[in-house]
Amino acid sequence: MKDSFGREIDYLRISITDRCNLRCRYCMPQGVDVKKAHSEILSFEEIAEIAEAAIGLGVRKIRLTGGEPLVRRGMPELCGMLSALPGLEELCVTTNGTLLSAACPFPSANAAIGHQSGIGGVTLAAALKDAGVTRLNISLDTLDPEKYTKITGGGRLEDVLLGLEAADAAGFTGTKINAVLIGGFNDSEIRDLAGLSTHRNIEVRFIELMPVGAAAGLGAGAFISSDEVLKALPELEELEPARLYRLPGAKGRVGIISPISCSFCGSCNRLRLTADGYIKPCLHSDREIKVRGLHSAELEEALRQAILSKPKEHGRLTPGHMTETKRSMNRIGG
């Protein structure tokens, strides 16, 4: 289905929880998160019903986010429910990666024997693959163990690296690494992070820091333009489409996502479903449409209205100007 400006809306991002096992400074730092009660969060059945209605209107790709989606009990079960919906072509997951190598307590009976974790169970990565997940995005902002612990409020870099290995062992391909650019923190690591694409067929994506929630409190100095990537890596070879590159001889690719310095509203094709059951037509708008509790024709009509109410573009976004949305990123889904 097309919105009022002729954009084909075929992508739905679903936040399945507002909780996370990390406390990243720009997303959900210690002391500022207010968790929803379990009763306030959509059930798997409600998520599947909304997803099915969205697919009926033309959605072909679904991405599960959080918070951290892997902290929600039974995550592979939900993935299996969604991947079985007729018409869905892609089912992706965005994760911080720290739990991918952990043993899944309730793996699918079809999980491959070769996907065993070091402690004797099927890894969560393998269970996701078996449940029909087609691709993973893994958040990783630094390769320095101490800096990783600092930015995540106590996380371990080793857990993410083990998660990457578990994803490879499970058979995932096309994995993307999301690195948020933060001035004074990881701008000196651009080359090292891009180097992850040298020997792996992955895409390292550098993403500009957006003034949403806690990120806005980091100050203007935390924002750096994605153009700094090109300055740090002048040898990058541009590929198609634009803003996609490759280091000479590398197996993988380097991507640049510039929501602040180079808006891509004109090609936005997505809706977002929050964990408590609201559709957000635009990440940066405060407009939300409640869909929890709706069924059949009422649910479909609410989704149609969400699509038709997508704005042409979001309001002004600069390090000194807050986004309109009142939700933090962990309560939206990245």
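Colleague: Which residue takes a positive phi in the hairpin of E8 and E9?
Modeller: This is a predicted model, in which local features need pLDDT of at least 70, side-chain atom pairs count only at pLDDT 80 or more, and totals for chains, interfaces and linings use all residues. Residues are numbered from 1 along each chain as its sequence is written, and side-chain values use heavy atoms, without hydrogens and water. Strands (DSSP runs of E, at least two residues) and helices (DSSP runs of H or I, at least four residues) are numbered from the N terminus. Six residues lie between strands E8 and E9 of this hairpin, and the one with a positive phi near 80° is Gly-249.

Colleague: In which sense do E8 and E9 pair?
Modeller: Two strands pair if DSSP finds at least two bridges between them. Leu-244 faces Gly-255 of E9 across the pairing. Strand E8 (residues 244-246) and E9 share two bridges, and their sense is antiparallel.

Colleague: Over how many bridges does E9 pair with E6?
Modeller: Opposite Val-254 of E9 stands Val-204. Strand E6 (residues 203-208) runs in the parallel sense to E9, and the number of bridges is five.

Colleague: How many of the five residues of strand E9 are buried?
Modeller: Relative accessible area decides this: buried means under 20%, exposed over 50% and partly exposed in between (1.4 Å probe, protein chains only). Strand E9 spans residues 253-257 and is mostly covered, the number of buried residues being four.

Colleague: Which residue in E10 is the bridge partner of Leu-12?
Modeller: Strand E1 (residues 11-15) pairs with strand E10 (residues 270-273) over four bridges in the parallel sense. Within E10, the bridge partner of Leu-12 is Leu-271.

Colleague: How far is the sulfur of Cys-265 from the closest cysteine sulfur?
Modeller: A disulfide is a pair of cysteine sulfur atoms within 2.5 Å, and the structure holds zero of them. Cys-265 is buried at 13% relative accessibility, and Cys-282 is buried at 11%. The closest cysteine sulfur to that of Cys-265 belongs to Cys-282, and the two are too far apart for a bond because their separation is 6.3 Å.

Colleague: How many residues apart in sequence are the parts tied together by Arg-191 and Glu-235?
Modeller: The side chains of Arg-191 and Glu-235 form a salt bridge at 2.6 Å, N to O. Arg-191 belongs to helix H6 (residues 190-194) and Glu-235 to the loop between helix H8 (227-232) and E7, so the separation of these parts in sequence is 44 residues.

Colleague: By about how many helical turns are Arg-304 and Glu-300 separated?
Modeller: These side chains meet in a salt bridge at 3.2 Å, N to O. Arg-304 is partly exposed at 31%, as is Glu-300 at 35%. Because they are four residues apart in helix H9, their separation is about one helical turn.

Notes
A salt bridge is a side-chain nitrogen of Lys or Arg within 4 Å of a carboxyl oxygen of Asp or Glu.
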